[in-house]
Amino acid sequence: MDEFVRLSFHGLRAKDKSFNSDFKLELDPDLPKVNVVASDIGRVILNLVNNAFYAVDEKAKSSSLPSRNIGTGAEGGEVYRPLVKVKTTVARLFSGGLAVELSVKDNGNGIPEHIREKIFQPLFTTKPTGQGTGLGLSLSYDIVKAHGGELKVESSEGDGSTIIMHLPF
Ligand SMILES: Nc1ncnc2c1ncn2[C@@H]1O[C@H](COP(=O)(O)OP(=O)(O)O)[C@@H](O)[C@H]1O
Ligand SMILES: [Mg+2]
């Protein structure tokens, strides 16, 4: 998680010097080992984190508040602080089993209700040509499913999104 969050952040910074966001890692140091295809799960994490940074950047760009300001708001005004939180923990599944939970939470604009069930479909994207392929989440879904896991989305419009991955062990 740590590696891919940094990779995503610096990749986006390299492409767009004005991109900025805070990120927080809350990683459980006592997670059990899970058997995964590391490169595939790495790709899933990268997809989720890229989407999260994109979402906060969109909000920063469109915000009427002083945008991209992750400082203290020295002028006394309200500022939007882009933030991506990445977390790992152990979770109990509805089925009763245990899983490692990896979640990526952003405070971007959220995912409108009417597109929420479409975001895992191949080629579904709301991004302009050249910025999105619409393959990130569908590929991620397939990879997680191949691991016997699940990928879920929680979002309240305007309030950001959380994508949660469960990998059973
Ligand atoms: N964190 C997020 N916040 C808001 N919308 C999101 C987020 N993650 C995914 N989406 C929505 O889901 C769509 C599909 O995502 P994805 O499969 O990764 O394709 P892409 O990023 O190429 O558009 C995005 O275009 C966007 O509309
Ligand atoms: Mg994507």
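**Where the report starts**

In which strand is Lys-105 found? Lys-105 belongs to strand S3, residues 98-106 (strands are DSSP runs of E with at least two residues, helices are runs of H or I with at least four, both numbered from the N terminus).

This is a predicted model, where local features need pLDDT of at least 70, side-chain atom pairs count only at pLDDT 80 or more, and totals for chains, interfaces and linings use all residues. Residues are numbered from 1 along each chain as its sequence is written, and side-chain values use heavy atoms, leaving out hydrogens and water.

With a relative accessible area of 44%, Lys-105 is partly exposed (buried is under 20%, exposed over 50%, partly exposed in between, using a 1.4 Å probe and protein chains only).

**Salt bridges**

Side chains of opposite charge can pair when their charged atoms come close. Searching the whole structure turns up three salt bridges (a side-chain nitrogen of Lys or Arg within 4 Å of a carboxyl oxygen of Asp or Glu).

Asp-2 pairs with Arg-6, their closest N and O atoms 2.4 Å apart; because they are four residues apart in helix H1 (residues 2-15), about one helical turn separates them. Asp-57 pairs with Lys-61 at 3.4 Å between the closest N and O atoms, again four residues apart, in helix H2 (residues 38-62). Asp-57 is buried at 7% relative accessible area.

Glu-150 forms a salt bridge with Lys-152, with closest N and O atoms 3.4 Å apart. Glu-150 is partly exposed at 30%, and Lys-152 is partly exposed at 35%.

Key: Chains lettered and ligands numbered in written order.
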